[in-house]
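The structure is shown first, and the description follows.

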Amino acid sequence: MVERAECEGLGTSSAEFDVELMWGVPGGLGPSWAPMSSTAGLPRVLPSPAEVEELYATAAAEPPLLEDPKHAALFGSLYDLSVRNGQVLVAAARSGGRLRSIAYGHYWSWIEQDYDWAHELRATLGDAAATIEWSFALNLLARDPHLHQSGLGRATLQTWLTGISGYGCWLQTTDIDTPARRLYERLGFFALGHGPQAPNGQPGLVMFRPPA
């Protein structure tokens, strides 16, 4: 889970954005999902994978992440797979026909996570792996980098956390000092251990937030 949080501003506040909270369909949308762009102006429609990829690429290209755009395509594909294959919770804000922020994730149970990345995560966490059982995984938090200091990143994450009230949640982020990591810490996340390789080539930092 790689993200950008709040930095310098363009005079826009989070109050000017409507952050929508949307559940995906239980069991996933499968091949029947025909993604729609935010340009359609329809409320409570899940963002398209192409929009998620574009937003991630724009955000992650900024310092301190400076990520290769190839990682954005991966995150767009993972979002698409999550919507098609399983129930997801999405918090998103749009304006001007564009996706401006997103936080999304899903319920996590180890028995359902039978793929290489999850196996590696469990192995690297060791005994701490039990902590994230029956919690929610935050797969991505991203915010338009032009909206620095607007508070939109925080508002989007808080909206998503409200949707999973009563459950713990976890994420993996790059293990460097970023505004996003400081945001997570302010909202009650703490370092749990390390997981698979992050986009910067180093082991990712796994953070956990107890039920609230």
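## Secondary structure

The chain contains five helices and seven strands. Read from the N terminus, these elements follow the order β-α-α-β-β-α-β-α-β-α-β-β. The model is predicted.

## Overall dimensions and burial

The C-alpha trace extends about 45 × 40 × 35 Å along its principal axes.

Of the 212 residues in the chain, 51% are buried. The exposed surface comes to about 9600 Å², and 54% of this area is supplied by carbon and sulfur atoms. Among contacts with a separation of 6 or more, 72% are between residues 24 or more positions apart.

## Aromatic pairs

There are 13 aromatic pairs in the structure. One of them joins Y56 and F75, whose rings are stacked, at 4.4 Å centre to centre and with 15 degrees between the planes. Because Y56 belongs to helix α1 (residues 49-60) and F75 to helix α2 (residues 70-85), this pair ties together parts that are 19 residues apart in sequence. Y56 and F75 are both buried.

A further pair, W108 with W170, is edge-to-face: the centres are 5.0 Å apart and the angle between the planes is 85 degrees. This pair links distant parts of the chain, with W108 in strand β3 (residues 98-108) and W170 in strand β5 (residues 169-173), 62 residues apart. W108 has a relative accessibility of 2% and therefore counts as buried, since the cut-off is under 20%. W170, at 1% relative accessibility, likewise counts as buried.

## Aromatic cluster

Aromatic residues also gather in a group: W23, Y107, F136, W160 and Y167 form one aromatic cluster.

Strand β6 (residues 190-197) pairs with strand β7 (residues 203-209) in the antiparallel sense, over five bridges. Within this pairing, H194 stands opposite L205 in β7.

The two strands, β6 and β7, form a hairpin with five residues between them. In the turn, G201 has a positive phi of about 85 degrees.

How values were computed:
Residues numbered from 1 in each chain as written. Predicted model: local features only at pLDDT ≥ 70, side-chain atom pairs only at ≥ 80, totals over all residues. Heavy atoms only, no water. Phe/Tyr/Trp six-rings, centres within 6.5 Å; stacked < 30°, edge-to-face > 60°. Helix = DSSP H or I, 4+ residues; strand = E, 2+ residues; numbered from the N terminus. Buried < 20%, exposed > 50% of the residue type's maximum accessible area, 1.4 Å probe, protein only. Pairing = 2+ DSSP bridges. Contact = heavy atoms within 4.5 Å. Areas by Shrake-Rupley, 256 points an atom, 1.4 Å probe, with all protein chains shown as cover.
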